Amino acid sequence: MHELTWMERGADGVEEQCWYAVQEYIRLYSKANAGTPIIGALYVSTVFVCMALAILSVKTLSTLEEERRRFAVLYRLGADARIQKSALLRQTGAFFLMPFAFPLLMTLHIGMVFGKVYEIWNLSGLRGRRAMETAVLIALVIAGIYALYFVITYRIACSHVLCCGGEKQEAEI
């Protein structure tokens with residue numbers, strides 16, 4: 001630090017100047033701004049996923065009575081509980097998969113873009129592979145939330161829709 005310091009005459013007299021301190025402040029400022037795109041991307045992806053989950057679940061749960069009638073017909077045609085669960089899982093899974101695939105793929109591409117941005121900003125902590133690892137971790141967290149929401153919706157649909165025989169289903173039809 002002593003070698004990077006010099007004396008300079010200013011309006012208030014002789015002042016000590018240090019190039020190291022200026023570079024350190026610039027580095028700290030750029031690192032502080034590096035979190036802004038990450039936090040923004042996390043916020044946007046979380047809001048998008050939560051909105052998609054809410055819309056999908058409301059749509060799925062609002063059509064349970066209609067689905068119950070369809071599965072009662074399926075039961076009368078000879079489908080047992082295992083076949084009905086499989087059909088309901090495929091139906092709900094296909095319905096939930098499309099809105100999930102887009103944000104997942106988008107998160108990975110955004111991670112690559114941020115990796116390039118951080119290389120331009122000369123931030124060594126989030127370059128290339130680190131940025132991709134961060135994007136994959138974010139994608140896994142979002143996938144976990146999505147899977148949990150899907151399982152809850154599927155379980156609720158199973159309890160209201162599946163026909164296992166008995167007088168209850170016969171009385172409703």
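Colleague: Where does Phe96 lie?

Modeller: Phe96 lies in helix 3. Helices here are DSSP runs of H or I with at least four residues, strands are runs of E with at least two, and both are numbered from the N terminus. One caution: this is a predicted model, so local features need pLDDT of at least 70 and side-chain atom pairs count only at pLDDT 80 or more, while totals for chains, interfaces and linings use all residues. Residues are numbered from 1 along each chain as its sequence is written, and side-chain values use heavy atoms, with hydrogens and water left out.

Colleague: Is Phe96 buried or exposed?

Modeller: Phe96 is buried, with a relative accessible area of 2%. Buried means under 20%, exposed over 50%, and partly exposed in between, with a 1.4 Å probe and protein chains only.

Colleague: What is Phe96 in contact with?

Modeller: Leaving out neighbours within four places in sequence, Phe96 contacts Leu53, Leu56, Ser57, Thr60, Tyr146, Phe150 and Thr153. Contact means heavy atoms within 4.5 Å.

Colleague: Take Ser57 from that list. How far apart are Phe96 and Ser57 in space?

Modeller: They are 8.9 Å apart, C-alpha to C-alpha, and 39 residues apart in sequence. Ser57 lies in helix 1. Ser57 counts as buried because its relative accessibility is 6%. Not counting residues up to four places away in sequence, Ser57 touches Phe96, Tyr149 and Thr153.

Colleague: Rings next. How many aromatic pairs does the structure hold?

Modeller: Four. Rings of Phe, Tyr and Trp (its six-membered ring) pair if their centres lie within 6.5 Å; planes under 30 degrees apart are stacked, over 60 edge-to-face, and the rest tilted.

Colleague: Which kind of pair do Phe96 and Tyr146 make?

Modeller: Their ring centres are 6.1 Å apart and the planes sit at 70 degrees, so the pair is edge-to-face. This pair links distant parts of the chain, with Phe96 in helix 3 and Tyr146 in helix 4, 50 residues apart. Both Phe96 and Tyr146 are buried.

Colleague: And what about Phe150 and Tyr154?

Modeller: That pair is stacked, because the ring centres are 6.3 Å apart and the planes are at 15 degrees. Phe150 and Tyr154 are four residues apart in helix 4, so about one helical turn separates them. Both are buried.

Colleague: Which residues do the ring pairs link into a cluster?

Modeller: Phe95, Phe96, Tyr146, Phe150 and Tyr154.

Colleague: What does Phe100 touch?

Modeller: Ile142, Ala143 and Tyr146, not counting residues up to four places away in sequence. Phe100 is in helix 3. Its relative accessibility is 17%, so Phe100 counts as buried.

Colleague: Gly93: buried, partly exposed or exposed?

Modeller: Gly93 counts as partly exposed, because its relative accessibility is 23%. Gly93 is in helix 3. Gly93 and Phe150 are 57 residues apart in sequence, yet 7.9 Å apart in space, C-alpha to C-alpha.

Colleague: Last one. How do the elements run from the N terminus?

Modeller: β-β-α-α-α-α-α. That comes to five helices and two strands. Buried residues make up 25% of the 173 residues.
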